[in-house]
Each structure stands twice: as C-alpha cells, then as structure tokens.
Amino acid sequence: MTTAISADRLKALQQAHPQVFTRPLAARLRDWGLWAACFALLGFGLWWINASPTRIWDGLGKLGFLVRFMWPPSDGGVFWEHAYAMMETLAMAFLGTVVAAVVALPLGFLGAKNVVPNWLFHFSLRRGFDTLRGIDSLVWALIFVSAVGMGPFAGVLAIAVSDVMVFSKLFAEAIENVERKQIEGVRSAGASPVQTLRLGVFPQVFPVMLSHLLYFFEGNVRSATILGIVGAGGIGLQLSDRIRINNWDEAAFIILMILVTVAVIDNLSRRIRTKLIDAAPQV
Amino acid sequence: MTHAHALAGTSSSRIADFEHRYQTERRTRGLWTLLYLVLFAGAVVGSMQVSDFNPSKLMNGLPKAWNYIYGTFPTLRWETLGADIAEWYWGIRYWLRLLVETVLMSFVGTVLGGVVALALCFFASSNLAPNKALCFISRRTLEFLRTVPELVFALIFVYAFGLGPFAGVLAIAVHTAGSLGKLFAEVNENVDERPIDGVRAAGGSWPMIMRLAVVPQALPNYASYLLLRFEINVRGAAVLGVVGAGGIGEDLYLAIRQFEYPDISAIMLLLIATTAVIDITCESIRHRLIGHDLGKGQ
C-alpha cells in the first residue's frame, strides 16, 4: 500500500496550507538576521583581537616549543614544597567555604520568604546577593591582598566573600522549600519550638545545605589554585613563578598536580553528595 | 485472665527488645555523628594551621578590609555632585572601551569554544559515539580542557601569542570547549532515541543521524547552555587582564596595585552593572528558549 501523492494534489495542498511547507518570510528573515548579526559580531571581535593567520601560525609554533619544553614534567627536587602549597590551596578552599556558610546561615534565614514575609526586604536582599555575585573571587583576592597583605589569609577571605552571597540565596531557597507537613507532624506530637526546628526543619534543610557546600568546595578548590597568581597563597604562586622564569617542565608538573587533586576532590565530593541526597527525606 | 497476663508479658518483653535495639541504633548513629564532627573539626583546625587563619587575625583583618573598601568610595558632595561624578569617572571613555573589549572577548571565546564543543560532544556521549575508544579519548580531552584553570591557559597563551586580548580569547575558548562539550554530551545522552532509529532505518549515515535526529532535539538546550556560559565567561574575561590577557581586568589590576582608590570603585561598579545587565538579558532569553532554568535541573 503506497501513499504516493500526485503532483497536482501536492500543488493543491501547498496552496491550501502554505505554512506547513515553508516557514513564514518574517520568521526566516529574523533567523537570517540573527545569524548575520552573530557572524558580523564574531568577525568584528576577531578583527578587534587582531587574530591574523600569521599570528596564529607563529603562536602555534611557539606553543609547540613550550609543550616540548614541558616534557618530561619534573618536580625540580622540591616536591614537598609543592605538596605543602597544594595543602594550603585545599585549606584555603575549605576554610573559605566554611566561613562563607557560617556567615550565610543567618542571611539565608532573613532572605527566606517564609521567615521574613516582607517582599521589599526580601527583594532587596536577593538583589544584593545577585549583585555581589558578579565579581570574580580573583578580584576579591586582589583587594584583600592589598588590604590585609599577601598570603593564604587573603585567599580565605576572597573565597568566603565571593561565596557568601550565593550561599545565602541557596540557603534561603532551601528554607523556603521546607515541607510544612513534617513540621506540623512534629508539632502535633507535642514538640516545643526548639524541638520542631531540630526534628521538623533541620533534617529537611541540612542535607541540602551540606551538598551545596560540598559542590561549592569543589569549585573553590579550582579557584583557589589560581588565587596564588595575585599573591593570595597556594599552588598558584608556585605555578606563576615557574612560568615567569620559563621553568616549563616544573610548570607542567604543577599543572598535573592540580589536575590530579581536582579529580580526586571532585570524585570524593560527588560520592558524598550522592550519599547525602539518597539519605535526604524524599518529598 | 492468665492468658491476658501472658500476652502482656510477651509484649512488654518485645517492647524492651525494641527499646534495646533502638538505643543501640541511636548509639551507633551518635558515634558516627561524633566521628564526622571530630573529622570536620580536625579539618578546620588543620586548615587554620596551614592557611594561617585564626579568629583574632580575622577580627584584625576585617576592619582593615572594610577601611580599604570604604576608602575606595569617592567623596561626593551634594552641591558639586555633577563635577564629583565627572571626576570619579574621569576615565569613563577608556573604561567603556575596555568593557566592550571584555564582552567581545567573552563572546568570541564562547563562540569558538562552542564550535569545538559541538564538534566533540557527539563522540563524548555514550549513546552516540561510534566506538568506546573514541568516546573515552574525547571525554578525557574535554576533562583536561575544563580542569586546567582558564587563567593558567591565559598565562601560557600570553607567552605564546603575546600580550593582549587574543591570548585571553584563546584561553576562554579552550576552557569553554571543555565545559560546554561535557554539557552538550549530557544533552545528547538524554535525546529521544526514536528519531535516531528513524533516520538510521531510512539509511542515514552517522553524520546524517547527528545532523537530522540529534541536533534538532538538542538545539534549544545547546543554545541555552551557550548563553549561560557566555554569562560566566564575561566574569572570567574581566579578570584575565591580571595576567595581561586583555579586557578591563588590566586596568583594575593597575588601579589596585597603584592604590588609586576611587578608580577601583568606579571600575567595579561598571563591571557589576555590565554583568548584571548581561545576566538578566541572557536569563530571559534562556527562559524563552527552554521555559525553565537549567540551574535547577531538567
């Protein structure tokens, strides 16, 4: 059984339902316009950054040179120095996350709609959270290095400050998503307000918060590796030093160290997070 | 009577049993919690030791940091507001040019990285890859590209391609390729299988299947992730100037290094405003594209 359509029939169908066969001219024009604008912007951008083929070619040659210098990676006989710097990086990321969480907890309560029902307060606090999020932790590191001096302390502050706002927002959302039923259940069994918080709210909120914390810890380990470039402690200082004095084999070694550390931390944290989410009460 | 008594006896012993089990369970859980707490406390103390961080230093440091930030605010008087603002933003034309450069860098970097990601993502998704080895290789490549920090790539590229935004764009592109490639591959893994079977049954080759069965389904999600990445890259591009890779970061770095306080706040405000505008625009486009926020899961 074939369903062949004669040419006449097809023509009639096309005339009866033109929108099925071709998209409206306006939509097509708009799409073409968008593509053209994107390409024009891309071309303009490439012109702006001066991306000439000869420059790319020369650069690639130099890059190949560098890669050859990087092999084999060598620890330069100061492996333990690097390892300690890596510890410093991890410590910065960890403390930064913890400090941010401690500060964000009360802010999160204030930002939650079901705790403070005033929408104006809520709105302005949330906007404030969003605004400060726009600044990268490296900029904070620059500022804190100037304010409190070089070293990992500035790095901890930078990570904490750049995370506080996001945490507050996430915590506020976690608190807003608390299920009323469990609270009512605990309360109807005769619990005091403190017990209600402990048994009705806390078990719902805590796993969510903890998994957010772990997730951000992963990200902070990544950003902590580079804070040293501006003098805020950690492995970044070693790396930028090696690159500055053209010690490419050691630079490659440090990059590999970063890769391994990040992979290990990611893996551990992902496992713990999966466990936490499994343990969290399912709504 | 005795019967009832016996029943009460067994149930009370069962209750006692239950109580006992309950207590042991509670005790083990309490021990585990204690262990976790001790581990956590140990980690905090250890990190404080290593990172030279302690509460008294924090108490000393915070006022200093606040003084510094407060010092960057310009002196604005109501009577001479216009002139004060003009003085505060003395370099506005130059800064705006740098801001345009920053946004342009992230745009070009996102597009170039997106193209590479698109090329690699089909090989990196387990349901589409032609064979296991290719899947493994492309996944590891993407992982490498996104794990090496952007700034490290920028340091290397500044050395190879010279100072300026070109190195920055390349760094952004490389990092973007890694992270978008992973996200695209995840989108590919969630596509509906039926169109793929359809195209294959009609005799389509592998590239045809990708083009006709996978891409049309995944395109809105691709675009959405691309926009999200663009937002992130604007922030990233703003700091690449620290290592000499172009953008507004260069001038911000200079202002901070030379203690030109009002300049710092002026540039920061510009930066915050730009990222906020871009965030809000991209967010509304993303919502129109797929109707929900990617950050909150599918």
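Analyst: A crossing of two helices is right-handed if the near helix is turned clockwise from the far one by less than a right angle, and left-handed if anticlockwise. This is a predicted model, where local features need pLDDT of at least 70, side-chain atom pairs count only at pLDDT 80 or more, and totals for chains, interfaces and linings use all residues. Residues are numbered from 1 along each chain as its sequence is written, while chains are lettered from A and ligands numbered from 1 in the order in which they are written.

User: Thanks! In which hand does helix 6 of chain B pass helix 7 of chain B?

Analyst: The crossing of helix 6 of chain B with helix 7 of chain B is right-handed. Helices here are DSSP runs (H or I, at least four residues; strands are E, at least two), numbered from the N terminus.

User: At what angle do helix 6 and helix 7 of chain B pack?

Analyst: Two packed helices are described by the angle between their axes and the distance between the axes. Helix 6 of chain B covers residues 150-161 and helix 7 of chain B residues 165-189; they pack at about 140 degrees, with axes 8 Å apart. (Axes are fitted to C-alpha atoms over the stretch in contact; angles run from 0 to 180 degrees between N-to-C directions.) The two helices of chain B are therefore oblique to each other, a word for whatever is not under 35 degrees (roughly parallel), over 145 (roughly antiparallel) or 65 to 115 (roughly perpendicular).

User: Which residues of helix 6 of chain B and helix 7 of chain B make the contact?

Analyst: Among them are B:Phe153, B:Phe157 and B:Phe161 on helix 6 of chain B, and B:Phe166, B:Leu170 and B:Val174 on helix 7 of chain B. Contact means C-beta atoms, placed from the backbone, within 7 Å. This contact between helix 6 and helix 7 of chain B includes 11 nonpolar residues, two polar and one charged. (Ala, Val, Leu, Ile, Met, Phe, Trp, Tyr, Cys and Pro are nonpolar, Asp, Glu, Lys and Arg charged, the others, Gly among them, polar.)

User: Let me try chain A. How do helix 5 and helix 10 of chain A cross?

Analyst: Their axes come within 8 Å and cross at roughly 135 degrees. That makes helix 5 of chain A oblique to helix 10 of chain A, and this crossing is right-handed. Residues such as A:Leu90, A:Met92 and A:Phe94 belong to the helix 5 side of chain A, and A:Leu213, A:Phe216 and A:Phe217 to the helix 10 side. By class, this contact between helix 5 and helix 10 of chain A has 10 nonpolar, five polar and no charged residues.

User: How many helices and strands does chain A have?

Analyst: Chain A has 12 helices and zero strands. Its C-alpha trace spans about 80 × 70 × 45 Å along the principal axes.

User: And how many residues of chain A are in contact with chain B?

Analyst: In chain A, 49 residues are in contact with 47 residues of chain B. Helix 7 of chain A gives the largest share of its side, eight residues. The side of chain A that touches chain B has 34 nonpolar, 10 polar and five charged residues.

User: Is A:Ala37 buried or exposed?

Analyst: A residue is buried with 20 or more other C-beta atoms within 10 Å of its own, exposed with 12 or fewer, and partly exposed in between. A:Ala37 lies in helix 3 of chain A and counts as exposed because it has 10 C-beta neighbours inside 10 Å. In chain A, 34% of the 283 residues count as buried.

User: Which residues of helix 10 of chain B are buried?

Analyst: Buried there, within residues 249-257, are B:Gly249, B:Glu250, B:Leu252, B:Tyr253, B:Ala255 and B:Ile256. They pack against helix 7 of chain A together with helix 9 and helix 11 of chain B. Just after helix 10 of chain B, B:Phe259 takes a positive phi of about 55 degrees.

How values were computed
Contact = placed C-beta atoms within 7 Å.
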